[in-house]
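Thanks for coming, everyone. Please look at the model on the screen while I talk.

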Amino acid sequence: SGAANAKGVFYYPRLGFGQICDALATAARRAGVDIRLSSETTAVLLTEGGASLAVRGDDRQEWTHDADVVFSTIPITVLSQLVEPAAPEPVRQAVDKLEFRSMLLVYLTLAQHRFTEFDAHYFPGEEFRFTRVSEPKNYAALEAPLGRTVLCAELPCSQRDDLWSMPDEALGRLVADGLARAGLPIRCPITDVLVRRMSHIYPLYRRGFERQFELLDAWVSSLPQLLSFGRQGLYVHDNTHHAMRMAQAAARCVDANGTIDYRAWAAHRRSFEAHVVED
């Protein structure tokens with residue numbers, strides 16, 4: 001479905017952003033891909049001939065998975081702590097100085113058809129704990145479901161903040177109170193509150209971070225049979241279409257024998273520098 005913005009029209013999946021992920025997963029499974037969700041990689045052993053990954057599922061069972069090539073989109077700082085043999089001391093020190101901003105997504109289900117006519121409201125002032133509140137139903141100009149809508153409030157934070165451990169219902173009240181102070185009071189029952197806690201969302205660019213990242217990136221780039229990319233994997237503020245372009249480029253750099261063309265990947269990396277974030 002299309003929705004108007006300052007540049008004309010942008011397109012939003014009728015069933016929400018997750019429809020994109022579902023379509024990719026369906027195509028991957030049809031191609032024979034084994035997708036394992038709710039699993040955690042606990043170690044990555046890399047050699048010139050391939051890789052061995054230690055994985056733990058949500059049932060706490062552990063297994064080892066052998067691979068020719070590893071594509072990693074997890075935070076590059078986390079990746080550096082999983083790889084064996086371990087990173088050299090200068091790299092470990094650099095990792096300690098690189099940070100990610102965390103994020104809480106607080107979803108409020110409202111017993112009304114629409115909250116406002118707008119897809120999103122922005123709150124740049126320090127008096128609000130949230131920076132944006134969106135109404136996904138309006139992105140696609142949907143009428144269904146009738147009599148119900150959802151707000152998504154984005155609360156940037158740190159895992160050390162009081163927000164991170166605040167109960168869901170308290171976070172829901174915090175958002176509702178903030179909207180009221182902004183002149184957007186919720187005048188209907190809030191039927192549900194759901195919170196998603198994400199630890200690594202935005203790379204935090206403190207002064208001098210470039211040197212620390214260069215050390216880490218150079219070491220990761222030297223690892224055999226591994227390519228790291230994506231927002232978290234390259235420590236960049238990129239959009240979804242940028243991340244997809246990175247994935248397509250990575251796939252083109254690996255041949256049928258699992259050999260990585262590192263020269264081609266370096267050229268793609270240089271092209272990624274032209275990405276411009278759009279919102």
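Start at Ala 54. How exposed is Ala 54? Its relative accessible area is 26%, so Ala 54 counts as partly exposed. Keep in mind that this is a predicted model. Ala 54 sits in strand S4, which covers residues 50-57. Which residues does Ala 54 touch, beyond those up to four places away in sequence? The list is Glu 40, Thr 41, Thr 42, Ala 43 and Trp 63. Now find Ala 141. Ala 54 and Ala 141 are 87 residues apart along the chain. Their C-alpha atoms are separated by 45 Å.

Stay with S4 for a moment. Between S4 and strand S5, residues 62-67, there is a loop, and Arg 60 lies in that loop. Arg 60 is exposed, because its relative accessibility is 56% and the cut-off for exposed is over 50%. Its backbone is worth a look as well. Arg 60 is not a glycine, yet its phi is positive, about 75°. Ser 38 also has a positive phi, of about 55°, and Ser 38 is not a glycine either. You will find Ser 38 in the loop between helix H1 (18-30) and strand S3 (39-47). Why point these out? Most residues other than glycine have a negative phi, and most peptide bonds are trans.

One joins Glu 84 and Pro 85, with omega at about 0°. Pro 85 is in the loop that runs between strand S7 (83-84) and helix H3 (89-96). Another cis bond goes from Ala 144 to Pro 145, and its omega is near 0°. Pro 145 belongs to the loop between helix H4 (136-139) and S11.

Now the whole chain. It has 279 residues, and 41% of them count as buried. Its secondary structure comes to nine helices and 13 strands. The C-alpha atoms fill a box of roughly 60 × 45 × 40 Å along the principal axes. Take the contacts with a separation of 6 or more. Of these, 66% are between residues 24 or more positions apart.

How confident is the prediction? The average pLDDT is 92, and 96% of the residues score at least 70. Confidence is lowest in strand S1, residues 2-5, with a mean of 49. It is highest in H5, at 98.

Next, the interior. In soluble globular proteins, nonpolar side chains tend to be buried together. Here, the largest nonpolar core has 27 residues. Val 106, Phe 130, Leu 155, Leu 179 and Ile 186 have the most contacts inside that core. Which elements supply at least two residues each? They are strand S8 (99-110), strand S11 (149-157), helix H5 (168-181) and strand S12 (190-204). H5 gives the largest share, six residues.

Zoom in on Leu 179. Setting aside residues up to four places away in sequence, Leu 179 touches Phe 115, Phe 123, Phe 130, Val 133, Leu 151, Leu 184, Pro 185 and Ile 186.

Ser 134 is in strand S10, residues 132-134. Buried or exposed? Ser 134 is buried, because its relative accessibility is 7% and the cut-off is under 20%. Beyond neighbours within four places in sequence, Ser 134 is in contact with Asp 119, Ala 120, Tyr 139, Val 150, Leu 151 and Cys 152.

Then Pro 156, in strand S11. Pro 156 has 19% relative accessibility, so it counts as buried under the 20% cut-off. Outside four places in sequence, Pro 156 touches Arg 101, Ser 102, Met 103, Arg 129, Thr 131 and Leu 163. From Pro 156 to Leu 184 is 28 residues in sequence, and 20 Å in space from C-alpha to C-alpha.

Last stop: a helix pair. Helix H8 covers residues 240-252 and helix H9 covers residues 262-272. Their axes come within 10 Å and cross at roughly 165°. Angles over 145 degrees count as roughly antiparallel, so that is how H8 and H9 run. The crossing is right-handed. On the H8 side, the residues that meet H9 are Arg 245, Met 246, Ala 249, Ala 250 and Arg 252. On the H9 side, they are Trp 265, His 268, Ser 271 and Phe 272.

Definitions and conventions. Residues numbered from 1 in each chain as written. Predicted model: local features only at pLDDT ≥ 70, side-chain atom pairs only at ≥ 80, totals over all residues. Heavy atoms only, no water. Helix = DSSP H or I, 4+ residues; strand = E, 2+ residues; numbered from the N terminus. Buried < 20%, exposed > 50% of the residue type's maximum accessible area, 1.4 Å probe, protein only. Contact = heavy atoms within 4.5 Å. Core = buried A, V, L, I, M, F, W, Y, C linked by side-chain atoms within 4.5 Å. pLDDT = per-residue confidence, 0-100. Axes fitted to C-alpha atoms, helices over the stretch in contact; angles between N-to-C directions. Parallel < 35°, antiparallel > 145°, perpendicular 65-115°, else oblique. Left-handed = near helix turned anticlockwise from the far one by under 90°.
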